[in-house]
Structures are given as structure tokens and as C-alpha cells.
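Open the model in your viewer and keep the sequence panel beside it. This tour tells you what to select at each stop.

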Amino acid sequence: IRRFVDAGSNIGCASFYLLHRYPESEGDAIEADPENLALCRQNLEPFRGRVRIHQRGVWPRSMPLRLVKPAGGLGLETTTSVVECSPGEAGDIEGVSLDDLRMSGSQDTFDLVKMDIEGAELPILEAHPRWLDSTRNLMIELHGPEARRAFDRALMGYRSTRIAEVGDITICTGIERL
């Protein structure tokens, strides 16, 4: 792995592992929640020359987004998601598309995209993702049957090996356009 994206990096554990395991790799850790981001920055400090840490939300296009934290005492209070701002509404953070992010690095391909973004995968997958053309491996958490159907539609024009489907997590390797 030379370049990865950790979309929904939380406190940076996946990025830490990848940067440690692949010493020549570089990556982008993207986390919307400011509390998680602070821990992510601390945890990834040893790799500061190889990882770009963003307080942003991954979205189909770069635009302002609003943070949403559910309440209810079911253990979901720590889960932050993002939604598109209404016209004229100020955003909490900027959204970034994987296509824009791809063009910002030293390499224009992703060896791995890890995506755990609390439901935002649905609009990303529905937006006819061009970033899949330059993604070799994908690890994605799909939130619900609608996201699963969007995932299946998005990958229809690609060949890959699904090496694991465990609960909501799907891992695809060797992604190539048909």
C-alpha cells in the first residue's frame, strides 16, 4: 500500500496500523468529529510527514456540511454523521469528494479506501463515483439495505474479489473497470 484514505478515521487506529505496517505509505485521515479528530492528531503524530489529517466530511462533492450527533443513550452519542447544508446555511465543516482528494496527493490512485462514515456512503455511492476507477481495494461499512443496493450498483461496472462480508463491512480487492 502506497496511498490510502481513511474516511471516518475516528481516533486514527486504521491509519496508525497502515502507516506502521507499510513504511513507504502515505495517507489521508478524514474525521468530521472534533473530539475524535483531537485524538486522531495525537495518535498519528509519529507519522506527521506521511499523513494528512483533515477535519472534513467525505461527500459526493466538496461543499459545506453540518455535523449531526444523535442523542438517546444507546451508545450512539459518540457517532457523528454529516448532512448537506440547506441553501444559505453555514456549515460546521467542509465536505470533500474522494475525486478532489485523489488529485491532491502525490499519487493519483488509492491503494486502499477505508470508509466508515456513518451513512454518508449512500450519497457517495449514488453519485456515480469516479474515484472507483483509481481505487485498487475498498473496505466499506454499509449502513442498511439501501446502502448495500447503492454499493452493488456502483460496482456493477467493475471486477473485484469480495474477500469478506461481515455484518455491515464489505472488503473488495483487485478492483478493475470492466
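Select Asp28 and His54. Their side chains are joined by a polar contact of 2.7 Å. A polar contact is a pair of N or O atoms within 3.5 Å; within protein, one must be able to donate a hydrogen and the other to accept it, and residues adjacent in sequence count only if both atoms are side-chain atoms.

A note on what you are viewing: this is a predicted model, where local features need pLDDT of at least 70, side-chain atom pairs count only at pLDDT 80 or more, and totals for chains, interfaces and linings use all residues. Residues are numbered from 1 along each chain as its sequence is written, and side-chain values use heavy atoms, with hydrogens and water left out.

**Stop 1: around Asp28**

Stay on Asp28. It sits in strand S2, residues 26-30. Helices (H or I, at least four residues) and strands (E, at least two) are DSSP runs, numbered from the N terminus. Is Asp28 buried or exposed? Asp28 counts as buried because its relative accessibility is 0%. Buried means under 20% relative accessible area, exposed over 50%, and partly exposed in between, with a 1.4 Å probe and protein chains only.

Now show the neighbours. Leaving out residues up to four places away in sequence, Asp28 touches Arg3, Phe4, Val5, Asp6, Arg52, His54 and Leu101. Contact means heavy atoms within 4.5 Å.

**Stop 2: the seven-stranded sheet**

Colour the strands S3-S2-S1-S8-S9-S11-S10. In that order, these seven strands form an open sheet with mixed pairing. S3 (51-54) and S10 are the edges; each has a single partner strand, so one side of each is left without a neighbour in the sheet. On average, neighbouring strands of this sheet are turned by 15° against each other, direction ignored. Two strands pair if DSSP finds at least two bridges between them.

Select S8, residues 112-115. Both faces of S8 are covered. Leu112 and Lys114 are buried on one side, Val113 and Met115 on the other. In a regular strand the side chains alternate between the two faces of the sheet.

Next, check the partners of S8:

- S1 (residues 3-7) runs parallel to S8, joined by four bridges. Phe4 has Leu112 as its bridge partner in S8.
- S9 (residues 138-141) also runs parallel to S8, with three bridges. Val113 stands opposite Leu138 in S9, and Met115 stands opposite Ile140.

Move on to S11, residues 169-177. Four bridges join S9 to S11, and these two run antiparallel. Here Met139 stands opposite Ile171. S10 (residues 158-166) pairs with S11 over seven bridges, in the antiparallel sense. Glu165 stands opposite Thr170 in S11. Zoom in on the turn: the hairpin of S10 and S11 has two residues between the strands, and Gly167 takes a positive phi near 60°.

**Stop 3: helices across the sheet**

Select H2, residues 34-44. This helix lies across S2 and S3, at about 170° to S3. Then select H5, residues 145-154. H5 lies across S9, S10 and S11, at about 150° to S10. For these angles, axes are lines fitted to C-alpha atoms, for helices over the stretch in contact, and angles run from 0 to 180 degrees between N-to-C directions.

**Stop 4: Phe110**

Select Phe110, in the loop between helix H3 (98-104) and S8. Phe110 is buried, with a relative accessible area of 0%. Not counting residues up to four places away in sequence, its contacts include Arg3, Val5, Leu101 and Trp131.

**Stop 5: the four-stranded sheet**

Colour S4-S7-S5-S6. These four strands, in that order, form an open sheet with mixed pairing. The edge strands are S4 (56-58) and S6 (81-84), each pairing on one side only. The twist averages 45° from one strand to the next. S5 (residues 64-68) and S6 run antiparallel, with four bridges between them. Leu65 has Glu84 as its bridge partner in S6.

**Last stop: zoom out**

Show everything. The protein has five helices and eleven strands. Its C-alpha trace spans about 40 × 40 × 35 Å along the principal axes. Of its 178 residues, 42% count as buried. Among contacts between residues at least 6 apart in sequence, 60% join residues at least 24 apart.
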